[in-house]
Amino acid sequence: MSHRPPSGLAAVSAALLAMSRHLEMRDVLKTIVASARELLDAEYAALGVPDDHGGFAQFVVDGVSDEQWKAIGPLPRQHGILAAMLHEAKPERLADVRKDPRFEGWPDAHPDMSDFLGLPIRDGDDIIGALFLANKRCPKPEGSCGFTAEDEELLSILAQHAAIALTNARLYERSRELTIAEERSRLAHELHDAVSQKLFSLRLTAQAAATLVDRDPVRAKGELQQVAALAAEAVDELRAAVVELRPAALDEDGLIATLRTQIQVLDRAHTARVTFGSVGVRALPAAHEEALLRVSQEALHNALRHSGAGHVDVTLGRRGSGTVLRITDDGCGFEPTATRLAGRHLGLVSMRDRASGVGGTLTVESEPGKGTTIEMEVPGG
């Protein structure tokens, strides 16, 4: 059975749509490489994003198994044909890459490659990556290149859109870093308030013990025991500030662990009781987890700062084929029909946008004097 590559405008359109569907940098790179290899019917494809030290910050391949990639070893350096594409900023179409004078060999586990098509990915005058394909799957005379001028033109179109996708991914990551920094700052402020209250109480209790030490040693002893207890609590709060106010580790820890950690911090920092529970939720796409985390942070901020709640409960669970985040408080509530005021004041518009952006829904139930429930449902999980 012969292999037939996709062809025509529909195939190009499908590849470009796939590239624009992701925001996470690694997902964008994988999609670009897979789309290029399928569209041009090559055995191998790769994309490298250079760093400033002669290597690659990211290097993604398609057509190589995980075991083979591990056997190949460390990421390649900027040398040979890869360096030429990055530094000379011109396409390379070769009948046999192994016979090119710039070829410097490859590791033992590296697959054997012959005909080669590669070009730089440009963002204005900057070269932000190199995209290449090897081993065109088609009949070709010995010593000739299977890749055609039409293939080069098509890869050039993909590279132009890849530049846009990579730039958008970088902007998204920068935006997320700023959001995380803002959240860390807010949590730090809340922990600072909690520690300050403990230290203020400790100071007053120590002063009381000092005035009692001569005339009422028994009471003074009791006050000093309270000083020790308050000092221990202050140490715990400071430890939380040091250990837990690290950048949100959503990528490494996942949504459940990240939510649990942040809610533990908020529970210590506020007089309201803040609780969290999760049942049966599996890993979700990165964009879904990001949206759920941001909505929970916004809803928690509203409940703890504006509602006067004594208890805020966060749950994450399954509903049919979807995942549901639910934030409930017993605070003062509000009138949801007053959408303009409530939406602007409580960030409901932003929360709804985050939900709809990942194909989800957001519902708000509230009534003056009867608390508020915010529920976000997303597909999957």
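R294 counts as buried, with a relative accessibility of 6%. The model is a predicted one. R294 has a charged partner: it forms a salt bridge with E290, and the closest N and O atoms are 3.2 Å apart. E290 counts as buried too, at 8% relative accessibility. Because the cut-off for buried is under 20% relative accessible area, R294 at 6% falls in that class, and so does E290 at 8%. Both residues sit in helix α8 (residues 286-306). They are four residues apart, about one turn of the helix.

Elsewhere, salt bridges with shared partners link E88, K90, E92, D100 and R102 into one network. One of its pairs is K90 and E92, whose side chains meet at 3.1 Å, N to O.

D115 lies in the loop between β3 (92-94) and β4 (116-123). K140 lies in the loop between β5 (126-136) and α5 (149-212). The pair therefore ties together parts that are 25 residues apart in sequence. D115 is buried, at 0% relative accessibility. K140 is partly exposed, with a relative accessible area of 31%.

| R294 and E290 | 3.2 Å | R294 6%, E290 8% |

How many salt bridges are there by this rule? The count comes to 17.

Next comes a residue in a strand. E375 has its place in β10 (residues 372-379). It counts as buried, at 13% relative accessibility. Its side chain makes a polar contact with the side chain of R319, at 3.0 Å. Which residues does E375 contact, leaving aside neighbours within four places in sequence? They are R319, V324, L325, R326, T361, L362 and T363.

The cysteines form another topic. The count of disulfides is zero. C145 is in no disulfide, and the nearest cysteine sulfur, that of C138, is 8.5 Å away. The cut-off for a disulfide is a pair of cysteine sulfur atoms within 2.5 Å. C145 is partly exposed, with a relative accessible area of 23%. C332 is also partly exposed, with a relative accessible area of 40%.

Now the chain as a whole. The protein chain holds 10 helices and 10 strands. Of its 381 residues, 43% count as buried. Among contacts with a separation of 6 or more, 62% come from residues 24 or more positions apart. The chain exposes about 20,200 Å². Carbon and sulfur atoms supply 53% of that area.

Technical notes. Residues are numbered from 1 along each chain as its sequence is written. This is a predicted model: local features need pLDDT of at least 70, side-chain atom pairs count only at pLDDT 80 or more; totals for chains, interfaces and linings use all residues. Side-chain values use heavy atoms; hydrogens and water are left out. Helices (H or I, at least four residues) and strands (E, at least two) are DSSP runs, numbered from the N terminus. Buried means under 20% relative accessible area, exposed over 50%, partly exposed in between (1.4 Å probe, protein chains only). Contact means heavy atoms within 4.5 Å. Accessible areas come from the Shrake-Rupley method with a 1.4 Å probe; for residues, only the protein chains shown count as cover. A salt bridge is a side-chain nitrogen of Lys or Arg within 4 Å of a carboxyl oxygen of Asp or Glu. A polar contact is a pair of N or O atoms within 3.5 Å; within protein, one must be able to donate a hydrogen and the other to accept it, and residues adjacent in sequence count only if both atoms are side-chain atoms.
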